[in-house]
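I am keeping short notes on what I look up in this structure. Each entry takes one place in the model and says what I found there.

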Amino acid sequence: MRPLHLAVALDGAGWHPAAWREPTARPRDLFTARYWTDLVREAEAGLLDLVTIEDALRLQSDDPRRPDERTDRVRGRLDAVLLAARLALVTRHIGLVPSATATHTEPFHPSKAIATLDHTTRGRAGVRVQVSLRPDEAAQFGRRPELAALATLAPGQTPPAALVEDVFDEGRDWVEVLRRLWDSWEDDAEIRDVATGRFIDADKLHTVDFTGPHFSVRGPSITQRPPQGQPLVAALSHVPVAHRFVARSADLGFLTPHDDDEARRLVAAVRDEREVQPAWPDGVGDQPLRLLGDVVVVLDETPGAAAERLARLDAAAGTALARTSDALVFAGTPAELADLALAWQHAGLDGLRLRPAVLPDDLHAITRTLVPELQRRGVFRTAYAERTLRERLRLPRPTNRYALSSTADTADREAAR
Amino acid sequence: MSRHSTRKRQVHLAAHFPGVNNTTVWSDPASGSHIDPDSFVHFAQTAERGKFDFLFLAEGLRLREHAGRIYDLDVVGRPDTFTILAALAGVTTHLGLTGTINSTFNEPYEVARQFATLDHLSEGRAAWNVVTSWDAFTGENFRRGGFLAAEQRYERARSFLDTAFELFDSWRGDEVLADQATGQFLRAPGPGAFEHHDAHFDIAGHTTVPRSPQGRPVIFQAGDSEEGREFAAQHADAIFSRHGTLEEGRPFYADVKARLAKYGRERDELLVLPAATFVLGDTDAEAEELAREVRRAQVSGATAIVFLEQVWNRDLSAYDPDGPLPDVDPVVGEELISKGRASVRMYRDPLATAKAWRERAQAEGLSIRELMIEQTARQTFVGSPTTVADQIEHLVEAEAADGFILVPHITPAGLDPFVDRVVPILQERGVHRTDYEGTTLREHLGLRPLPVPSLLTTTVGAAGVSA
């Protein structure tokens, strides 16, 4: 039996738009370190694999292209990468995977930021990569008129396919640059050789020389290779172009099936793309890809109580979450959710990324009722065993692509002597 | 007790994490990691134990090169500034967190968001040392490339900072009601609106981070040019200067303080904080001996030749560092042997520098290495703890500085002897706090709080909407 993996996706007061109005919610604390520390420590007490932190370079909005006119929902958020960093030294085991947007940002900065998060957590870092076709985000950077122009699309009209492809291609290049920069230092580059006065062996640092339509990056990184070699790259996917992105660029994919059959189909769709286009160029070889199913959870041990609570939340929000959510909205008992987790695992997923509808209530329900249920069934860990996030997800530490060539170079040089 | 009339001029102390240059003696057996989190935690917690105002991190966005190779004689490699500062906010409670962030290879929307976040996550302890490096060499790592002409860099920096300030102020402070009873989260829709249109930034939208505890990070400036000083007088809360001696410090201090009036600012609204190195001993004589050893460790024969090559701009590897200076003249040109170092641009007239150095070496009978030690490695403070405390107090009293950003030469424990031995003397004399009186960095620096926009107007109707 393959191990079951559980992630929790943290976002504001929870994934239900009315979550912030629950009596246990802390809507005034959403922008404090204390709030997030409490949540992530709870997730860690529940032995979860990792937390992801949602983010976007725009204000939350029900309108995909511009801010909305609402005043009844949570608006405003902190930068997720810094938030993950703030949690690094106050947690010990859990993986920290903040979201970052590839479109508009310089790959050099997030490369060293995630590398540093990995150093600071001693190998527990990842990054959830997303691309942006939001005209309001483009207007805040002022450098991509073709994206800002999407503001003029009629409602329901979709962006040109070529533009969508281009944005995903840029995302793929962005991840490629992150990975190259992480590899640009060999693990043993720092030699501190007092006799010759050399701190590093400069032959073990490498330029990355990436050239693409949207950016060129010379390298090497200013930051040493991270403990995991390459921190985890994660991405969420609903559509074929994004499946391809996950297949080409990610170590961990999040999918949104609504039943066992769809889980099977989505897993196959991504895995097929992986075979067509392996994510790992330069002959490094195939790497495993982990896939989790996303589920919004309303959880209660009393049968019927969760559905009742969801109905109450939907009424407060004025809309049913199931109508607007990209992912399945599950309202039920821990035993029912455990059944679903195992069924989807059987369908080919490696586990679930749970989106608590209400924080902290549904997070507590996950850690204090779902996890014990899974432990009783013998399908979930009872203690943290592994040191790094990659080890926990059974993803090997990537071989450094440049170390291979530099070893070959050294051999050549020595042969030439 | 009337604190204001009788209190002596207070010394502001800060700690610079040892950098990727030859001040840091990595060859010392006590020298630790420059990337392991324990080094940063130890350093930050030591500074906080000494009741320092802040920790300071430098940044360079491309590894330095010399003669076409990555320079390997100094420490190489450093963490991402924002990431390590945010992590340290979790293991400190009062210490200010100052990060050097470039205004050329970043976008205002992102940087404003990151600093506002850091200020939230540290509960008001963030500071931004604005640097304006512009070179094409660094630009090769970025989308932006090395497009910026030298004369435009302060113009863009000014525009960048103006824009960032607008973004920090785009949340007025009263937007979030979070009223669970009525279901109203926001006072009005679309908070954080901004719009900025000029030659450098043509942007509009909404920031996502509500107004942070300090309103914006404390602003540092480190450039020394005429434009840099003017930039600081107009925008900065503090200057990170190189002028740590009485002779250089006093005129610099007087110069920048005098520039404040034209911007309607008071003299105490801009602090002058030079970088300072130190070596302590039980006696002054012991400290002098130790300092000599440290200087020789900082400037090896190989390092001395490299320093010389930076001015001569040619290969001098055949010269003996323990011998006389070369007779050949520097190669004057745009293409420099050394890339990615701020110091290289200081030698604007290499022929004159070479002449002056030759004359000094001849007059004092110095070898290449001895001259380079004299030119580059003199420590700011050398002596017993009492002597060093005297020196610091005197320089602040004489208005050569408002305090010092201390740069230890050992990572990460180099600050410990200063905190253990000099700080108690300064505290005893009443010139350094025995405990933090405030919680924000602005308070530690004695800067007045910034006005909160939502408290300035009585109407709420126009919240967050700019024309």
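Where is the place of Pro412(B)? I looked this up and found Pro412(B) in the loop between strand S17 (403-406) and helix H14 (416-428) of chain B. I note at the start that the model is a predicted one.

**Entry: cis peptide bonds**

I checked the bond between Thr411(B) and Pro412(B), and the peptide there is cis, with omega about -5°. I then went to chain A, where a cis peptide bond joins Leu359(A) and Pro360(A). Omega for that bond is about 5°. I placed Pro360(A) in the loop between strand S13 (351-356) and helix H12 (361-376) of chain A. I wrote down these bonds because most peptide bonds are trans.

I looked up Arg122(A), which is not a glycine and has a positive phi, near 55°. Arg122(A) lies in the loop between helix H3 (108-120) and strand S4 (126-130) of chain A. In chain B I found Lys51(B), also not a glycine, with a positive phi of about 55°. The loop that holds Lys51(B) runs between helix H2 (37-49) and strand S2 (54-57) of chain B. I kept this entry because most residues other than glycine have a negative phi.

Is Lys51(B) buried or exposed? The relative accessible area of Lys51(B) is 18%, and buried means under 20%, so Lys51(B) counts as buried. Arg122(A) has a relative accessible area of 38%, so I list Arg122(A) as partly exposed.

**Entry: helix H11 of chain B**

I compared the span of helix H11 (residues 350-364) of chain B with what its 15 residues should give.

Which residues of H11(B) are buried? I found Pro350(B), Thr353(B), Ala354(B), Trp357(B) and Ala361(B). Looking down the axis of H11(B), I see its buried residues within an arc of 100°, so they line one face of the helix. They pack against helix H10 (301-312) and helix H12 (368-376) of chain B. On the other side of H11(B), I noted Lys355(B), Gln362(B) and Ala363(B) as exposed. Gly365(B) follows H11(B), and its phi is positive, near 65°.

**Entry: the barrel of chain B**

How many strands close into the barrel? I read 8 strands in chain B, in the order S1-S2-S5-S6-S11-S12-S13-S17, with parallel pairing. The twist from one strand to the next averages 30°. I followed one pair, strand S12 (residues 238-241) and strand S13 (residues 271-276) of chain B, which are joined in the parallel sense over 4 bridges. In this pair Ala238(B) stands opposite Leu271(B) of S13(B).

**Entry: the open sheet of chain B**

I also looked at an open sheet of 3 strands in chain B, with the order S4-S3-S15 and antiparallel pairing. Strand S4 (69-70) and strand S15 (338-339) stand at the edges, each with a single partner strand, so one side of each has no neighbour in the sheet. Strand S3 (residues 65-66) of chain B pairs with S15(B) in the antiparallel sense over 2 bridges. Opposite His66(B) I found Ser338(B) in S15(B). As a reminder, strands of a sheet pair through backbone hydrogen bonds, either parallel or antiparallel.

Key:
Residues are numbered from 1 along each chain as its sequence is written. Chains are lettered from A and ligands numbered from 1 in the order in which they are written. This is a predicted model: local features need pLDDT of at least 70, side-chain atom pairs count only at pLDDT 80 or more; totals for chains, interfaces and linings use all residues. Side-chain values use heavy atoms; hydrogens and water are left out. The expected span of a helix is 1.5 Å times one less than its number of residues. Buried means under 20% relative accessible area, exposed over 50%, partly exposed in between (1.4 Å probe, protein chains only). The arc is that of the directions from the helix axis to the C-beta atoms. Contact means heavy atoms within 4.5 Å. Two strands pair if DSSP finds at least two bridges between them. Axes are lines fitted to C-alpha atoms, for helices over the stretch in contact, and angles run from 0 to 180 degrees between N-to-C directions.
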